[in-house]
Amino acid sequence: MLEARGKHLKSLIMFGSCVYNPVKARDLDLLIIVDRILNALEKHDLEIEVAKALRTIHSRMPVDVIVFDEDSFKENSEPGGLASGLAAGYRVIHDELGLEDLVTGLYEKLAQSEILVQKNRRKINLSALAKAKLRLLGTRLRKSLEAET
């Protein structure tokens, strides 16, 4: 579908409650990153078209789709941007961008700020989550390096 519109899929990410709390998830959240988006209307049309197609396949729950190009994803990866929510949990389905490095950079920025997000009736401290993820990544990296030696 994206290729038919002249778009190249760079990354596909599942995020939100469908990742960090799948039992209670009420919808499927997808972040799609393509090579380029010409304008806001094209972005909107892509989001609607992909969501409609996915709803025919996955009709049990609503599907929310966000489409970015590489530049707008990077802009939204600043603390407080839409991609900050990836700190709460995400699963990479397809990646040509090196998302792990981009998200690690986001964690580093979030860890130095104080970002709280209101989700239903609870507050999620994205800064604290980012610090925890960085500690986990550091532990994994140390274990990986130890295994190599």
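**View 1. Ala51 touches Val63 and Val65, leaving aside residues up to four places away in sequence.** A contact here means heavy atoms within 4.5 Å. This is a predicted model, in which local features need pLDDT of at least 70, side-chain atom pairs count only at pLDDT 80 or more, and totals for chains, interfaces and linings use all residues. Residues are numbered from 1 along each chain as its sequence is written, and side-chain values use heavy atoms, with hydrogens and water left out. You will find Ala51 in helix H2; helices (H or I, at least four residues) and strands (E, at least two) are DSSP runs, numbered from the N terminus. Is Ala51 buried or exposed? Its relative accessibility is 5%, so Ala51 counts as buried. Buried means under 20% relative accessible area, exposed over 50%, and partly exposed in between (1.4 Å probe, protein chains only). Ala51 and Ile66 are 15 residues apart along the chain, and their C-alpha atoms are separated by 9.2 Å.

**View 2. Four strands form an open sheet in the order S3-S2-S1-S4, with mixed pairing.** Strand S3 (63-69) and strand S4 (90-95) are the edge strands, each pairing on one side only. From one strand to the next, the twist averages 20°. Two strands pair if DSSP finds at least two bridges between them. Strands of a sheet pair through backbone hydrogen bonds, either parallel or antiparallel. S1 and strand S2 (residues 28-34) run antiparallel and are joined by 6 bridges. Look for Phe15, which stands opposite Asp29 in S2. Helix H2 (residues 40-57) packs on the sheet, where it touches S2 and S3, and its direction makes about 145° with that of S3. Axes are lines fitted to C-alpha atoms, for helices over the stretch in contact, and angles run from 0 to 180 degrees between N-to-C directions.

**View 3. Lys10 sits in strand S1 (residues 9-15).** Lys10 is buried because its relative accessible area is 18%. Among the residues that Lys10 touches, beyond four places away in sequence, are Asp35, Glu70, Asp95 and Glu96.

**View 4. Helix H4 (residues 99-111) lies across S1, S2 and S4.** H4 runs at about 145° to S4. How far apart are the end C-alpha atoms of H4? They are 18 Å apart, which agrees with the 18 Å that its 13 residues should span at 1.5 Å a residue. The expected span is 1.5 Å times one less than the number of residues. Buried residues in H4 include Leu99, Val103 and Tyr107.

**View 5. The largest nonpolar core has 21 residues.** Such a core is a set of buried Ala, Val, Leu, Ile, Met, Phe, Trp, Tyr and Cys residues joined through side-chain atoms within 4.5 Å. Ile13, Leu31, Phe73, Leu86 and Tyr90 touch the most other members. H4 gives the most to this core, with 5 residues. A second, separate core of 18 residues includes Leu2, Met14, Cys18 and Ala25.

**View 6. One aromatic pair turns up in a search of the whole structure.** The ring centres of Phe68 and Phe73 are 6.5 Å apart and the planes meet at 50°, so the pair is tilted. Rings of Phe, Tyr and Trp (its six-membered ring) pair if their centres lie within 6.5 Å; planes under 30 degrees apart count as stacked, over 60 as edge-to-face and the rest as tilted. Both Phe68 and Phe73 are buried.
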